[in-house]
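Student: I am new to this structure. Could you take a close look at a single part of it with me, and show how that part sits within the whole?

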Amino acid sequence: AVGTITGVSFPTISAIKSNNVEEHEQGRIQGALYSLSSLASAVGPVSLRVVYHFTKDNPFPGPGTMFIFGGLLYLLGSFIACALPKEQTNSSKSRPNLPHEDELEDSATSLII
């Protein structure tokens, strides 16, 4: 059950972020999100293994400390997400209209000439 909820979080974050950036920034934001996801997939298991290694033989807190550590990381991420500016989290707000590519090309040509 928990794996299902956490499995839905990345596509949700990806959709929210893609709705809050302009069209010309879509590739950059998706690349950054997938890079962070890959980094977390690599660092997460290693960090939990280190925590387990140092706590497995101790009577307190014991080998279950890695689950507490993982929960604290998830809680930290939740607090950071809640601290983000509210005005930038609403993707239904209308964004200012950007000039079309043709208009950008025309203005670039006039600057060159």
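Tutor: Gladly! Let's begin with a term: a residue is buried when its relative accessible area is under 20%, exposed when over 50%, and partly exposed in between (1.4 Å probe, protein chains only). This is a predicted model, where local features need pLDDT of at least 70, side-chain atom pairs count only at pLDDT 80 or more, and totals for chains, interfaces and linings use all residues. Residues are numbered from 1 along each chain as its sequence is written, and side-chain values use heavy atoms, leaving out hydrogens and water.

Our part is helix H2, residues 26-55. Helices here are DSSP runs (H or I, at least four residues), numbered from the N terminus. The buried residues of H2 are Ile29, Leu33, Val51 and Thr55. With 30 residues, H2 reaches 43 Å from its first C-alpha to its last, close to the 44 Å expected at 1.5 Å a residue; that expected span is 1.5 Å times one less than the number of residues.

Now for the surroundings. The protein chain has 4 helices and 0 strands (a strand is a DSSP run of E, at least two residues), giving the pattern α-α-α-α along the sequence. Of its 113 residues, 9% count as buried. Among contacts (heavy atoms within 4.5 Å) with a separation of 6 or more, 38% come from residues 24 or more positions apart. The chain exposes about 9,200 Å², and carbon and sulfur atoms supply 66% of that area, computed by the Shrake-Rupley method with a 1.4 Å probe.

For another helix, look at H3 (residues 65-82), which holds Ile68. Ile68 is exposed, at a relative accessible area of 52%.
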